[in-house]
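I opened my notebook to work through this fold bit by bit.

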Amino acid sequence: MAVLPILRFPDQRLHTVAKPVDAFDDSLRRLVSDMAETMYAAPGIGLAATQVDAHVRVIVIDISETKDQLQVFVNPELVSASDDRKVCEEGCLSVPGFYENVERPDRVRVRARDEHGQEFTLEAEGLLAVCIQHEMDHLKGRVFVQYLSRLKQYRIRAKLLKQDREAA
Ligand code: QAP
Ligand code: CO
C-alpha cells in the first residue's frame, strides 16, 4: 500500500479522459488499495484515479463517519439521474482549501463493477449521489471548479499557482 501524490488544479493532466479497465487483476487491486490509502490519509471522502495520474475508470468513496465503508466503482456508468436537483458545497483533494456550491441531480442510479469484476447497480441520494457525480466527472477530465463562474475559476487557479510557486 502507498499514499500516492495527488495532482493539483490547474494541472492539465486533470483534464485527461480515463479509459475503461479491461483486466480485473492484481495491478487493478493494487491501484484501488493505494487510492483508498491516499484518500484516507488526506483525509477525503472520494478520489478518482485521474487525481493520482492513473487514467482509468476507477473511483473510491467512503462517506462514513467511521471511515470503514469503502465503496469501489470500476467502469461506472450513469444509468439515470433525477430531474430534481440540489445544491451542495463541494471540495476536492485536487483543489485544496476551496469549497463552492454546485447544483446536480439529487438522485442517481449507477452501474459499476467492484475490484474483482463483480457488477452491481446502486441507487444513491444526498452526499453519496454528489460524491459519485463529482468523481465520475474527474474520469471525464472535469473538475468541479468548471461549474463555477470564469471569475471564480480564475481566482482559484491564481491562488493555487501562487501557493505552488511559494512552495517551490
Ligand atoms: C468530493 O472531496 C466531494 O479542500 C470529495 O483542504 C466533496 O474528499 C463530494 C478535501 C464534498 C461532495 C462533497 C478538500 C480535503 C477533501 C480540501 C474530498 C482539503 C482537504 C475533499
Ligand atoms: Co475531486
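**Sheet.** I looked up the strand order: five strands make an open, antiparallel sheet, E1-E2-E3-E6-E7. Strands here are DSSP runs of E with at least two residues, helices are runs of H or I with at least four, and both are numbered from the N terminus. Two strands count as paired if DSSP finds at least two bridges between them. Strand E1 (46-48) and strand E7 (119-125) sit at the edges with a single partner strand each, so one side of each has no neighbour in the sheet. I noted that neighbouring strands are turned by 40° against each other on average, direction ignored.

This is a predicted model: local features need pLDDT of at least 70, side-chain atom pairs need 80 or more, and totals for chains, interfaces and linings use all residues. Residues are numbered from 1 along each chain as written, chains are lettered from A and ligands numbered from 1 in written order, and side-chain values use heavy atoms, without hydrogens and water.

**One pair.** I checked E1 and strand E2 (residues 58-61), which pair antiparallel over three bridges. Gly46 stands opposite Ile61 in E2.

**Metal.** Which residues coordinate the cobalt ion (ligand 2)? I found Cys92 (SG), His134 (NE2) and His138 (NE2), at 2.1 to 2.2 Å. Donors are N, O and S atoms within 2.8 Å of the metal (3.2 Å for Na, K and Ca), and water is not among the atoms, so sites may look incomplete. Cys92 and His138 are both buried, meaning under 20% relative accessible area with a 1.4 Å probe, protein chains only.

Conventions. Buried < 20%, exposed > 50% of the residue type's maximum accessible area, 1.4 Å probe, protein only. Axes fitted to C-alpha atoms, helices over the stretch in contact; angles between N-to-C directions.
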